Amino acid sequence: MTSTAGAQSPEFDVVVIGGGPGGSSVATLIARRGHSVLLLEKERFPRYQIGESLLPATVHGVCRLLEVTDDLERAAFTVKRGGTFRWGTSPDPWNFLFAVSPQLSGPTSYAYQVDRMVFDEILLRNAARHGVDVREECAVAEVLRGPDGRAEAVRYTDADGESRTARGRFVVDASGNTGRLWNQVTSDRHYSDFFKNIAVFGYFLGGKRLPGPDKGNILCAAFDVGWCWYIPLSEELTSVGAVVHRSQAALIQADREKALLDLTGRCDIVADYLSDATRVTEGVHGQVRVRKDYSYATGSFVRDGMLLVGDAACFIDPVFSTGVHLATYGGLLAARSINSVLAGELDEAAAMTEFEDRYRREYTVFYEFLTAFYDMRQREDSYFWQARRVTSFGKTDLEAFATLVGGVASGDRGLSPEAAGGRLATASSDLTRAVAETGAMQTESGERMTKLFKAPVVANVMAEMNQIQSRGVLGDGSAESPVLPGGLVPSADGLGWVAPTMQPVEG
Ligand SMILES: Cc1cc2nc3c(=O)[nH]c(=O)nc-3n(C[C@H](O)[C@H](O)[C@H](O)COP(=O)(O)OP(=O)(O)OC[C@H]3O[C@@H](n4cnc5c(N)ncnc54)[C@H](O)[C@@H]3O)c2cc1C
């Protein structure tokens, strides 16, 4: 921690570090309340990023609050009605369609598959349009804290290489997965032993498409040593990646192109879909990239005027396309808390508790869903799948999960690691049963899909996303109840918190 010299008044209400979806969201939603926001982004946009498959809560919930709906429509991204999975014991693919969720039916039961260079730039330029002072090619080196320990400024290098300082009443770190600034909030970050995977990915032209209305779906397919994603970004272009155990890292790094072709070739359905395709070898999409996609959560998301949002706070395995959702949702929560404090409407401690608890809860429900999903019995009997069974959970992972769940999701702070293990095992068998009852790829089979949405682990994961989406579409959150006992609810404009008029819902 570094102290700034002398007490000066802040030039900005808020300084945001990073212009990805998390940073652009928090900055815009604070600027919409008339506060002054500086956003510092290291790169010049458009810049490449992985994470192309979105969820409806981002598109119809947060993006509506950001007022970018028309921009997204103009970009003509591929429409995604859901996910198609070759996963579990069934040899046939099955669907998870947003439309069959009772809350997500109707005209907003879709999301987009996006080129992140385009999507992230739309969000960043929109932030500037809403009054955010966006400065690109400005890399933040340090967060400066005052004598009382409160974050009050950042030191950064501007586009001309000059070192500068910018002061804010709050600092938000949304610098993604590569930065180290998060450790100015806490030194504690828990990496899951369980989901230590590595991904290798690239782009193909001319790949096949899923049949009929599902052609825009993400396809996720398990194979002997991992799983593949297949994301149709346009009629021609497909994003394809393989996720395997990190023990294969050296092999993959030695020859990425070969590793990508070998691994996708081992995954039957993806190999078939790519049989007439050619890999893109030039331009931004021509590189084969590698990312370690460890799942992690930072011990605290907020400390003394500094908040963590997006990958800076937590990350969860990419199989459910949750990264951009968690980043934009974290941005929304942070904006509500900061707006309420800046307006003098809420005590800072209460506002920050609401931010941290809701965010951690959302991470937790996805973690539970992820565990249940990886635990579904595969046809493949390999180390990769054996190591991801609930029964293989180590003590530290169970302890970490018990802390997450016990602290926030259930309100039961005394949850033991043993009870956490039982909870994960139940979630897993619920999900396996629901998928078996849902059956194969019956696209329009609403009755069968309903069984999937009734599985508690699925219902939990959809609950808050449905609320955000309903608010985005209907514009009014007055019927919302607190997510957590004793918690707050969104204000009428969706940009702050207020005390609830309704009692918390039990369970
Ligand atoms: C293999 C893989 C597949 C994935 N697939 C999906 C998917 O299908 N769907 C999905 O939703 N998510 C997916 N994700 C996750 C997704 O990529 C991230 O969760 C998401 O990009 C997080 O957004 P963010 O705003 O937190 O960070 P980022 O998008 O990383 O943005 C952070 C920004 O901060 C800037 N920055 C960094 N350091 C500094 C600094 N010091 N100063 C100033 N600026 C800085 C960076 O240049 C960057 O622009 C995937 C991730 C992986 C690894």
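Predicted model: local features only at pLDDT ≥ 70, side-chain atom pairs only at ≥ 80, totals over all residues.
Residues are numbered from 1 along each chain as its sequence is written, and side-chain values use heavy atoms, with hydrogens and water left out.

Some of the shell makes polar contacts, meaning pairs of N or O atoms within 3.5 Å. A polar side-chain atom of Gln49 lies 2.7 Å from an oxygen atom of the ligand, a polar side-chain atom of Asp311 also lies 2.7 Å from a ligand oxygen atom, and a backbone N or O atom of Val140 lies 2.9 Å from a ligand nitrogen atom. Of the 1000 Å² of accessible area that the ligand has on its own (Shrake-Rupley method, 1.4 Å probe), the protein covers 96%.

Turning to two helices (DSSP runs of H or I, at least four residues), H1 and H2, residues 56-66, pack at an angle of about 50 degrees, with their axes, lines fitted to C-alpha atoms over the stretch in contact, 9 Å apart. H1 and H2 are therefore oblique to each other, since angles under 35 degrees count as roughly parallel, over 145 as roughly antiparallel, 65 to 115 as roughly perpendicular and the rest as oblique. In their contact (heavy atoms within 4.5 Å), Ser24, Ser25, Thr28 and Leu29 of H1 meet Val62, Leu65 and Leu66 of H2.

Note on methods
Polar contact = N/O pair within 3.5 Å; in protein donor to acceptor, adjacent residues only side chain to side chain. Axes fitted to C-alpha atoms, helices over the stretch in contact; angles between N-to-C directions.
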